[in-house]
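Visitor: I have a model open and would like to learn how to read it. Where do we begin?

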There are 2 protein chains.
Amino acid sequence: MLRPPMADPSFQSLPGFRDFIPRECAVRNYLFETWRGVARRCGYSEYETPILEDTGLYLKKSGGELSAQLFRFEDQGGRDVTLRPEVTASLARLVAQHQRDFPKPMKWFEIGQCFRYEKPQKGRGREFHQFNVDILGEAGPAADAELIALAIETMLAFGFVAGDFVVRVSDRKAWMDFAARHAIAEECVPDFLNIIDKLEREKPAALATKLAAFNLTPEAVREFIAMPTNASSAYQAILADLTARGFAGCVQLDLSIVRGLAYYTGVVFEVFDAKKSMRAVAGGGRYDTLVATLSGGNVDLPATGFAMGDYVIRNLIEETTHAAMQMEVWLQRNAAACDVFVVVADESQRPTALRLVTDLRRAGIAADLPLAAAKVPKQFQSAERSRARFALIVGTEYPALKLKILASRAEETGHADSAVAWLTARLQQPDGPLLA
Amino acid sequence: MLRPPMADPSFQSLPGFRDFIPRECAVRNYLFETWRGVARRCGYSEYETPILEDTGLYLKKSGGELSAQLFRFEDQGGRDVTLRPEVTASLARLVAQHQRDFPKPMKWFEIGQCFRYEKPQKGRGREFHQFNVDILGEAGPAADAELIALAIETMLAFGFVAGDFVVRVSDRKAWMDFAARHAIAEECVPDFLNIIDKLEREKPAALATKLAAFNLTPEAVREFIAMPTNASSAYQAILADLTARGFAGCVQLDLSIVRGLAYYTGVVFEVFDAKKSMRAVAGGGRYDTLVATLSGGNVDLPATGFAMGDYVIRNLIEETTHAAMQMEVWLQRNAAACDVFVVVADESQRPTALRLVTDLRRAGIAADLPLAAAKVPKQFQSAERSRARFALIVGTEYPALKLKILASRAEETGHADSAVAWLTARLQQPDGPLLA
């Protein structure tokens with residue numbers, strides 16, 4: 001049968017979208033399981049919102065640079081819809097609708113995919129996974145501290161130690177006070193904060209011009225940032241709280257941080273690698289008016305939250321030896337396709353082998369067997385490739401069974417009638433550094 | 001501050017898209033964890049593909065009723081793209097690209113979201129989650145049997161028993177032989193199979209007219225379906241294999257099943273509730289030419305796979321008492337926001353309580369505390385609402401600590417220095433039927 005020699009070029013993944021072959025999927029699962037584990041340990045409940053939303057949800061409230069990057073289109077029903085660029089707006093909508101049913105504060109988390117239509121580049125695709133954590137219904141700085149503590153716990157859970165990373169904390173309130181003192185009108189504050197947000201990325205001349213419109217100089221702004229006494233009282237409370245937890249060494253005041261999104265109202269923070277050689281690993285802050293805005297004023301709930309994407313944290317893990325090793329150990333332990341590979345040494349015993357594999361699986365043991373008749377050495381090769389710990393040989397001596405420990409080549413024998421109990425017990429004993 | 005009285009109507013989820021509040025998200029996680037657990041026990045490796053793909057991937061190869069329901073649009077770069085309606089086409093693309101790196105057969109699974117633009121109705125949204133399981137690189141019926149065994153194991157893992165469900169197995173080859181015997185041209189076979197697919201849903205007169213075009217009558221077709229001897233040899237081999245595994249009672253021949261998608265080439269099957277009162281719970285079959293087609297003939301890999309969506313299986317669980325009870329037990333066990341709720345009986349001890357919570361969390365214990373000062377009875381109320389097993393009281397008698405078992409109201413005392421070891425040991429002992 002003749003076929004065209006080249007693959008149809010349309011059959012590739014879209015630019016900026018990733019395929020996850022098993023090893024990549026395992027890395028993804030490592031991030032997800034670590035995120036989920038930390039959040040549960042810290043008393044957060046998991047939720048999820050749709051990945052497609054009415055565009056109005058983002059255009060009207062998120063503001064900032066987000067609206068230019070929306071993955072936006074018209075659906076078949078003529079709706080203006082967007083693949084979610086972030087989850088906070090959906091959460092605020094969801095919470096406005098359901099908060100009555102939950103005691104406050106609500107500590108909620110989510111792990112899911114977000115989308116931005118921007119030029120794909122190294123370390124930034126058109127889709128990414130994000131860990132979102134929020135505390136709703138508590139206005140005090142104890143909630144911000146609890147949230148920042150979770151960000152720190154997450155870094156520690158990935159194997160980072162104090163000194164590998166730092167949480168830079170700021171407070172938009174300090175800037176609002178600054179703006180008031182410098183007679184910046186309330187409606188101009190978002191524009192002013194946008195200038196602060198880009199302070200270090202803006203060209204000096206452009207920066208000076210932009211600040212001049214507010215009768216300010218870059219020097220005046222930098223001087224404000226440099227003064228620790230400009231920290232808000234919320235920051236002081238957060239620092240005391242985190243110090244009590246043993247996290248003082250992980251936190252720094254950094255008033256240059258204001259975050260890009262328009263909905264933040266108070267404390268904001270970003271997590272960076274200690275060398276600040278990468279973009280922020282995570283970021284977030286307080287958004288006390290978003291729920292009220294999205295519910296048309298029906299529900300007024302103070303809130304604080306943060307998000308961590310999968311691209312930057314993975315980069316940082318891979319570039320930090322001890323964190324990379326911890327991930328590698330996890331990947332090794334999860335790379336096995338099965339624990340027990342059944343070798344059918346006598347093809348006439350296949351029905352017996354099928355039953356045995358079924359019994360093992362039912363007992364919670366990951367078990368497999370070759371699907372086609374093959375010579376015994378080839379089956380052992382398949383067993384090795386599956387990274388199973390044990391090969392269990394079903395042959396002419398059945399119901400006697402031979403067990404081969406693949407790491408050590410040691411052999412044991414057992415009886416088919418007690419195979420499940422035998423293998424269950426055997427799997428609980430370690431038998432080597434790599435496959436333990 | 002005056003706010004408009006009504007919520008902006010645009011701030012609702014889109015029709016057919018679901019919000020998952022924590023209880024709904026826990027149900028989703030129950031499905032996901034069960035699917036993932038079964039697949040791993042049976043030796044499958046997890047992968048993932050993008051949820052957005054070039055539309056060509058679906059238009060040209062999936063065929064059948066799918067193309068009418070595509071969630072399709074033009075992206076900002078002028079690309080014709082589609083939110084994936086299914087995962088098999090993406091898998092075939094991925095495998096064509098990477099199969100060289102993996103020993104055969106490849107046993108792969110995926111859990112993810114799919115989208116169809118159709119009228120939302122009870123039990124069918126515009127998005128749904130799907131469990132996809134495939135075996136690639138093995139052409140024999142042993143692969144189909146292994147795959148059907150996984151479908152059965154999945155049902156058993158959800159708590160269904162033989163008699164609750166049945167796997168109806170068919171083979172397109174039997175119909176291709178039938179077509180050849182009735183002089184139906186090869187290029188007309190897809191149209192003919194479409195008629196068979198809708199046999200029981202089509203109005204009698206329309207059915208007769210459509211079959212007449214092939215010189216056939218509804219009676220001739222029904223007679224063919226009713227004859228067990230028309231089963232293919234592959235079906236016989238699958239039945240023998242599944243019988244050896246103890247699954248004979250879960251399988252039935254049903255030649256009326258041909259499946260809607262154009263890419264199936266051989267054995268096809270669907271899982272139904274025993275009363276057949278719902279749509280199929282799962283379905284799949286052999287697609288031996290899809291990888292070759294999508295790789296432009298570069299890679300030729302036989303394959304068989306199936307998918308199970310989250311809507312129908314959840315319905316069936318909820319309508320089957322023993323399966324519903326198993327899920328409820330899982331949900332109860334996973335509903336607790338934490339295991340240990342720390343009560344700050346003396347607010348001056350808050351720093352101590354923060355440190356204690358941090359230590360417990362670091363030891364893997366889910367622990368929480370109130371974020372604001374509150375009277376002790378109110379804190380106990382919060383502890384109850386969090387569904388914690390224990391309240392740990394930090395008060396004036398610190399470093400002595402009081403532990404209250406919330407189910408039994410029993411109390412114990414311990415010392416702060418050994419709190420982690422004490423709580424770890426205590427959590428391993430059951431203390432009541434509901435919270436064990």
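Guide: This is a predicted model. Begin with one residue and its surroundings. B:Ala183 counts as exposed, because 9 C-beta neighbours lie inside 10 Å; the cut-off for exposed is 12 or fewer.

Visitor: Where is B:Ala183 in chain B?

Guide: B:Ala183 sits in the loop between α5 (172–181) and α6 (189–197) of chain B.

Visitor: What is the phi of B:Ala183?

Guide: The general idea comes before the case. Most residues other than glycine have a negative phi. For B:Ala183, phi is near 55 degrees, a positive value in a residue other than glycine.

Visitor: Is A:Arg259 buried or exposed?

Guide: Buried. A:Arg259 has 21 other C-beta atoms within 10 Å, and 20 or more make a residue buried.

Visitor: Which residue joins A:Pro105 through a cis peptide bond?

Guide: Again, the general idea leads. Most peptide bonds are trans. A cis bond joins A:Lys104 and A:Pro105, with omega about -5 degrees. A:Pro105 lies in the loop between α3 (88–98) and β5 (106–115) of chain A. In chain B, a cis bond joins B:Lys104 and B:Pro105, with omega about -5 degrees. B:Pro105 is in the loop between α3 (88–98) and β5 (106–115) of chain B.

Visitor: What lies between β6 and α4 in chain B?

Guide: A loop that holds B:Ala139; β6 covers 127–136 and α4 covers 141–157. B:Ala139 counts as partly exposed, with 17 C-beta neighbours inside 10 Å. Now look along the chain. B:Ala139 and B:Ala303 are 164 residues apart in sequence, yet their C-alpha atoms are separated by 6.8 Å. Leaving aside neighbours within four places in sequence, B:Ala139 is in contact with B:Asp288 and B:Pro302.

Visitor: On to strands. How many residues of β10 in chain A are buried?

Guide: Five of five, in the strand at residues 282–286. In a regular strand, side chains alternate between the two faces of the sheet. Next, follow the pairing. Four bridges join β9(A) to β10(A), and the two run antiparallel. A:Val268 stands opposite A:Gly285 in β10(A). Five bridges join β10(A) to β11 of chain A, residues 303–309, also antiparallel. Here A:Gly283 stands opposite A:Ala307 in β11(A).

Visitor: What is the strand order in the open sheet of five strands in chain A?

Guide: The order is β13-β12-β14-β15-β16, with mixed pairing. The edges are β13 (367–368) and β16 (411–415), each with a single partner strand, so one side of each is left without a neighbour in the sheet. Within the sheet, four bridges join β14 (residues 390–394) to β15 (residues 400–405), which run antiparallel. A:Phe390 has A:Ile405 in β15(A) as its bridge partner.

Visitor: How is chain A divided into domains?

Guide: Domain 1 covers 22–329 and domain 2 covers 337–428. Their C-alpha centres lie 50 Å apart.

Visitor: What rotation superposes chain B on chain A?

Guide: Two copies of a chain are related by a rotation about an axis and a shift along it. Here the rotation is 180 degrees, the shift along the axis is 0.0 Å and the RMSD is 0.0 Å. That is the relation of a two-fold axis. In chain B, the C-alpha nearest the axis belongs to B:Phe73, 3.5 Å from it. The same surface serves both copies, as 100% of the contact residues of chain B recur in chain A.

Visitor: How many residues of chain B are in contact with chain A?

Guide: 80 residues of chain B are in contact with 80 of chain A. The largest share of the chain B side, six residues, comes from helix α1 (residues 22–41) of chain B. By class, that side has 36 nonpolar, 19 polar and 25 charged residues.

Definitions and conventions:
Residues are numbered from 1 along each chain as its sequence is written. Chains are lettered from A and ligands numbered from 1 in the order in which they are written. This is a predicted model: local features need pLDDT of at least 70, side-chain atom pairs count only at pLDDT 80 or more; totals for chains, interfaces and linings use all residues. Domain bounds come from an automatic or database domain assignment. Copies are superposed by least squares on the C-alpha atoms of residues with pLDDT of at least 70 in both. Two residues are in contact if their C-beta atoms, placed from the backbone, lie within 7 Å. Ala, Val, Leu, Ile, Met, Phe, Trp, Tyr, Cys and Pro count as nonpolar, Asp, Glu, Lys and Arg as charged, and the others, Gly among them, as polar. Two strands pair if DSSP finds at least two bridges between them.
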